[in-house]
Amino acid sequence: MSEVITRDGILQLVDEWIAAGKRVAGPSQAAPRAILYKRLASSGALLLDGFLRPRNSIKEFFFPRHEKLYTYRREGKQIGLEGVEVDDRPQLIVAARPCDAAALPILDHVFNWDYKDEFYNRRRANATVVTLACAAHDESCFCTSVGLGPADAKGSDAMLIATGDGAFHVRCFTDKGRALFEGKTQPASVEPAVPPAPEPKFDLPRITQFVATGFENPLWQSAALSCVGCGACAYTCPTCHCFDIADEGNAAGGARVKNWDSCQFPFFTLHASGHNPRANQGQRQRQRIYHKFHIYPQKFGEVLCTGCGNCTRNCPVDLGVLGVLTQVDHA
């Protein structure tokens, strides 16, 4: 039997978490035309409808843009090091889109490969992710092209599906999801309708075949002619995870930090000698597509993309992964 929860029930649940000192994040109005996933001070800031998807992704709640790894200080002729304690309080991510939650099991591979990232893993272990099924899509959405859908359960602990009358069907997939909604729902007599899905935008096997054999194809240069190398695609992508590690401070002390980076930046592969093996934007776009559809699948068995469309939606020239792959599919 299906279970439902009212809008007020969801808002009450959020306020209870916040009152208990736990962290809650969800879609919120950040500016007149910008909806972002943000930490919530109260349930009043949470959006449950009226938007397609936030402009950022939930990865920043597990893999922050800027993160201290440890601090250092000069002590005479010695250097003292001090570890940084990660904030791993329980956190609830509510009303995330399924294409955002689906990125988390994909990212788990790279953060647990040759080195287990303790900070990332602790945040993952203490998070509960509740997704909100997509009731609509736009021309930038292509989740079905990479094997997902508007109500896909991948990466979710529970899912909300709008009933159309102010309530939400609840689907629980994990023990964390069941614990969150225990005693909060009511039985429903009907099963939720499956939300409409976008039509596939490209043939994935054809894409993987092209990138496996077309490294020197001139299409990469022509496809990237409009790219300005701003990195908006990578910063708003749920699965992009490039980062740099640097020391920030001075001779007296400072911190070693991890900062987001992007393969679309000219300095990303610039050598100290001045040589850059990816000297133009075509080569950098090729690397982005190769990583997502060839290198990562070979290494971990999964495409590094969930089809959310953020890379195109946030691109100042409307390119993104979909723009490049559409050209590849018609090559």
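User: Ala, Val, Leu, Ile, Met, Phe, Trp, Tyr, Cys and Pro count as nonpolar, Asp, Glu, Lys and Arg as charged, and the others, Gly among them, as polar; how do the residues lining the second largest cavity divide?

Analyst: This is a predicted model, in which local features need pLDDT of at least 70 and side-chain atom pairs count only at pLDDT 80 or more, while totals for chains, interfaces and linings use all residues. Residues are numbered from 1 along each chain as its sequence is written, and side-chain values use heavy atoms, leaving out hydrogens and water. A cavity is a set of points, on a 1 Å grid over the protein atoms alone, where a 1.4 Å probe fits but cannot get out, and lining residues have an atom within 4 Å of a point. The lining of the second largest cavity divides into nine nonpolar, four polar and no charged residues.

User: What volume does the second largest cavity have, and which residues lie closest to its centre?

Analyst: Grid points are joined across faces, edges and corners, and a volume is the space filled by probe spheres set on the points. By that rule the second largest cavity has a volume of about 90 Å³. Of its 13 lining residues, the closest to the centre are Cys227, Cys230, Cys233, Gln285 and Cys315.

User: Which residues lie nearest the centre of the largest cavity?

Analyst: The largest cavity has a volume of about 170 Å³, and its lining has twelve nonpolar, three polar and three charged residues. Among the 18 residues that line the largest cavity, those nearest its centre are Cys99, Cys134, Cys141, Cys143 and Pro150.

Definitions and conventions
1 Å grid on protein atoms, 1.4 Å probe; cavity = no way out; pocket = protein on both sides within 12 Å on 5 of 7 lines; lining within 4 Å. Nonpolar A, V, L, I, M, F, W, Y, C, P; charged D, E, K, R; others polar.
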